[in-house]
Structures are given as structure tokens and as C-alpha cells.
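Let's look at this model together and ask where its labels come from. Each question below takes one description and checks it against the rule behind it.

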Amino acid sequence: MSQSKRLKKAREVRARIRRHVEESHVFSKTIEVFSNICEVNEAELYQKSRNRRVVECRAMIWSYMRTRTNVTFQDLGAKFGLNHCTALHQWNRHQDYISYVLDKPFRMHEHYAQSYDAGRDLLDDYFLVDSVDLKGYKY
């Protein structure tokens, strides 16, 4: 194998490693921020719990990762040991919770929406990116 081919292969491997580290960092930082905002222990997120705080925290994490990255519902559910249907259902509930009620100036679940907005803004500021910049990530 020639010197240039080895160098090219080494660069490709290095790029894949860097991308994996960055993707893992986005996911772990998202979990850290939303678990602090929701006052949920990170270990609770990985348990099969129907506690409202835990379920809503997971929904916020999944919604942020889904809108800011290319992660599939199957990947999101698998990350927490749950079915992809659970992630899809929470995605739909998230859309309901943050939407405004008809022509009223309040949202369906105002506390949830404010918590999500705070976490989203904090993460966007942390990564110093626009929403389109994270679209290429997939762990």
C-alpha cells in the first residue's frame, strides 16, 4: 500500500473517531442538561418508569435529539432500552405539549414547554450552533 493511500485511510479513521466522540458528546450533554432541568437522576432515565417527571424528561431529550440530529426513533428508544413506539408516542405528546391552544396565548402544558425551551436554548448556546448545524449527527 502506498504512502498516500495509508495517509488517506488514517485520515478517514481519525474523522470517524472524531465524529463518534462529537455525537456521543451531544447526546450525553443533552441528557445532562434536561435531567438537571427536570430534577431527574440520570440513572432513572434508563429504568422503565412511568413517573411523570422521568417520562417528560425523556420526551424532552428525545425531542431535542430528534430535531437537532438525524437520530431515528428506533435508535432513541434503544438508547434507553425502550421500544421505538415509545419514542414516537412521546414525540407526538411533545408536539401537543408545546403547541398553543387554538388562538389562546398559552400552551397546552406551559411548564413543560418552558422547561424544554430553557434546555434547548442552553444546549444551543453551549454548542454555539444553529439548529441546522447538528443535522449530520447520528450515533
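This is a predicted model: local features need pLDDT of at least 70, side-chain atom pairs count only at pLDDT 80 or more; totals for chains, interfaces and linings use all residues.

Q: Which residues of α5 and α6 meet?
A: From α5 come H94, Y97 and I98, and from α6 come Y112, A113 and Y116. By kind, the residues of this contact are five nonpolar, one polar and no charged.

Q: What makes α3 roughly perpendicular to α5?
A: The axes of α3 and α5 (residues 84-98) come within 9 Å and cross at roughly 90°. That value falls in the range of 65 to 115 degrees, which means that α3 is roughly perpendicular to α5.

Q: Which residues form the contact of α3 with α5?
A: On the α3 side you will find V55, E56, A59, W62, S63, R66 and T67, and they meet T86, A87, Q90, W91, H94 and Y97 of α5. This contact divides into six nonpolar, five polar and two charged residues.

Q: How do you know whether T30 is buried or exposed?
A: T30 sits in helix α1, and its relative accessibility is 0%. Buried means under 20%, so T30 counts as buried.

Q: What does T30 touch, leaving out residues up to four places away in sequence?
A: The partners of T30 are I61, Y64, M65 and L123. Take L123: T30 and L123 are 93 residues apart in sequence, yet their C-alpha atoms are 7.0 Å apart in space.

Q: Why does E39 count as exposed?
A: The relative accessibility of E39 is 65%. Exposed means over 50%, so E39 counts as exposed. You can find E39 in the loop between α1 and α2 (42-45).

Q: What makes a group of residues here a nonpolar core, and which members touch the most others?
A: The members must be buried residues of the nonpolar kinds in the definition, joined through side-chain atoms within 4.5 Å. The largest such core has 26 residues, of which F34, L45, I61, L76 and F80 touch the most other members. At least two residues come from each of α1 (3-37), α3 (52-68), α4 (73-79) and α6 (110-127). The most come from α3, which gives eight.

Q: Which residues is F80 in contact with, leaving aside neighbours within four places in sequence?
A: F80 is in contact with F27, I31, L45, Y46, R58, I61 and W62.

Q: How many helices and strands are there in the protein chain?
A: The protein chain has six helices and zero strands.

Q: How much of the protein chain counts as buried?
A: Of its 139 residues, 35% count as buried. The protein chain exposes about 8,800 Å², with 52% of that supplied by carbon and sulfur atoms.

Conventions: Residues are numbered from 1 along each chain as its sequence is written. Side-chain values use heavy atoms; hydrogens and water are left out. Buried means under 20% relative accessible area, exposed over 50%, partly exposed in between (1.4 Å probe, protein chains only). Helices (H or I, at least four residues) and strands (E, at least two) are DSSP runs, numbered from the N terminus. Contact means heavy atoms within 4.5 Å. Axes are lines fitted to C-alpha atoms, for helices over the stretch in contact, and angles run from 0 to 180 degrees between N-to-C directions. Angles under 35 degrees count as roughly parallel, over 145 as roughly antiparallel, 65 to 115 as roughly perpendicular and the rest as oblique. Ala, Val, Leu, Ile, Met, Phe, Trp, Tyr, Cys and Pro count as nonpolar, Asp, Glu, Lys and Arg as charged, and the others, Gly among them, as polar. Accessible areas come from the Shrake-Rupley method with a 1.4 Å probe; for residues, only the protein chains shown count as cover.
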